[in-house]
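Here is a short briefing on one protein model. Keep the sequence and the 3D view open as you read.

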Amino acid sequence: MSGERRTRVLDAIVRDYVSTREPVGSRSLVERHQLGVSPATIRNDMAVLEEAGLIQQPHTSAGRIPTDHGYRSFVDSLHDIKPLSVPERRAIERLLEGAMDFDEVVARAVRLLANITHQVAVVQYPSLKKVSLRHIELITAGERHIILVIITEAGRVEQRTLMTSSPVKSEDVDELAKVLNNESVGKPGTDLDLSTNVVEAAPAHMRELAQTVCDVISGILLAEGEDRIVMAGTANLSRHSVDFAKTISPVLEALEEHVILLRLLTRMREGVSVSIGEENKHEGLTEASVVSSTYGVSDRSVARVGVVGPTRMDYPGTMAAVYAVAEYLSDILTGR
């Protein structure tokens with residue numbers, strides 16, 4: 001029983017401290033929560049929690065605040081992610097469904113998540129290693145010009161105009177497009193060997209053009225395959241400056257280095273995952289927490305969406321918001 005009560009005491013301390021930003025004392029716990037015991041018993045429980053490294057006393061006359069280990073224990077005790085309210089879900093749905101392409105979906109999603117959580121929001125673009133091609137189109141535009149259109153599984157659309165060294169027939173271009181789609185659709189970019197398969201399959205008089213098209217496609221896929229993220233809400237950190245022991249500068253500097261965030265996101269577990277304080281393995285983020293979730297296509301994860309903020313964070317609410325946005329991104333990519 002005492003173990004269960006101490007878990008409830010830790011839960012109450014975390015929630016009260018996140019809500020008030022004030023160290024939590026035993027008397028206030030008894031007044032605010034139905035713990036069913038005296039302040040003296042709560043003080044004993046707090047002493048045990050402090051000895052276990054789950055809470056700490058910021059100064060001699062104060063109550064207690066959670067440590068990184070305390071936040072971790074609290075997060076691990078959350079068995080279910082609470083759903084967002086109906087108005088919040090409708091707001092997300094309306095905003096994201098109005099987007100014209102995936103770039104706009106990402107831009108809207110990251111701004112929305114920053115507004116919901118009042119933290120820094122990040123959306124990672126789908127990795128080329130995990131995203132397949134959906135369609136390739138070749139359109140003749142005059143005797144010596146061809147428009148190349150590539151659509152990826154994640155909804156990215158790339159377009160290039162090519163100039164040929166000699167006139168081409170539209171039926172030859174159509175045949176080349178069929179060969180390209182047969183060799184590429186449904187395959188991740190890293191599995192493609194277009195130059196070998198497509199050029200060999202093309203008629204002799206079309207091989208020079210086939211090689212040119214394959215080279216351009218490879219260049220497009222290589223550029224799209226570069227890991228990148230979109231970020232919004234950096235100014236929200238200024239609202240939480242008092243939650244950082246020194247300054248927010250180390251966090252801001254870490255956020256500027258996108259490779260740091262990408263490395264951290266890559267290490268996080270599938271689904272909703274939380275990395276707290278020292279777990280982030282980067283000096284600039286030791287006073288920050290990262291909440292992220294995977295999103296994907298057809299139940300296959302391709303990238304992550306997340307939030308960065310101080311360790312004094314509303315973890316249940318943040319996890320719910322991140323999960324909801326990830327689900328909507330997945331629905332949009334899958335066409336549900």
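Strands here are DSSP E runs of at least two residues, helices are H or I runs of at least four, and both are numbered from the N terminus. This is a predicted model: local features need pLDDT of at least 70, side-chain atom pairs count only at pLDDT 80 or more, and totals for chains, interfaces and linings use all residues. Residues are numbered from 1 along each chain as its sequence is written, and side-chain values use heavy atoms, with hydrogens and water left out.

**The β4-β5-β6 sheet**

- Three strands form an open, antiparallel sheet in the order β4-β5-β6. Two strands pair if DSSP finds at least two bridges between them.
- Neighbouring strands are turned by 15° against each other on average, direction ignored. Axes are lines fitted to C-alpha atoms, for helices over the stretch in contact; angles run from 0 to 180 degrees between N-to-C directions.
- Seven bridges join β4 to β5 (residues 145–152). One of the bridge pairs is Leu133 with Thr152 in β5.
- β4 and β5 form a hairpin with four residues between them. Gly142 in the turn has a positive phi of about 95°.
- Seven bridges also join β5 to β6, running antiparallel. Ile146 stands opposite Leu162 in β6.
- Helix α7 (residues 170–184) lies across β4 and β5. Its direction is at about 170° to β4.

**Helix pairs**

- Helices α5 (residues 86–97) and α6 (residues 102–117) pack at about 155°, with axes 9 Å apart. They are therefore roughly antiparallel (over 145 degrees; under 35 is roughly parallel, 65 to 115 roughly perpendicular, the rest oblique).
- α5 contributes Ile92, Leu95 and Leu96 to this contact (heavy atoms within 4.5 Å). α6 contributes Val105, Arg108, Ala109, Leu112 and Ile116.
- Helices α1 (residues 2–20) and α3 (residues 39–51) cross at roughly 85°, and their axes come within 10 Å. That makes α1 roughly perpendicular to α3.
- Arg5, Arg6, Val9, Leu10 and Ile13 of α1 meet Thr41, Ile42, Asp45, Met46, Val48 and Leu49 of α3.

**Buried sites**

- Arg64 sits in the loop between β1 (55–56) and β2 (65–66). Why does Arg64 count as buried? Its relative accessibility is 18%, and buried means under 20% relative accessible area (exposed is over 50%, partly exposed in between; 1.4 Å probe, protein chains only).
- Beyond four places in sequence, Arg64 touches residues including Ile13, Met46, Glu50 and Ile55.
- The side chains of Arg64 and Glu50 make a polar contact of 2.9 Å. A polar contact is a pair of N or O atoms within 3.5 Å; within protein, one must be able to donate a hydrogen and the other to accept it, and residues adjacent in sequence count only if both atoms are side-chain atoms.
- In helix α4 (residues 68–76), Gly70, Tyr71, Arg72, Phe74 and Val75 are buried. The buried residues of α4 pack against α1, β2, β8 (273–276) and α12 (315–334).
- Met268 lies in the loop between α11 (258–267) and β8. At 10% relative accessibility, Met268 counts as buried.
- Met268 and Val290 are 22 residues apart in sequence and 9.5 Å apart in space, C-alpha to C-alpha. Beyond four places in sequence, contacts of Met268 include Val290, Ser292 and Arg304.
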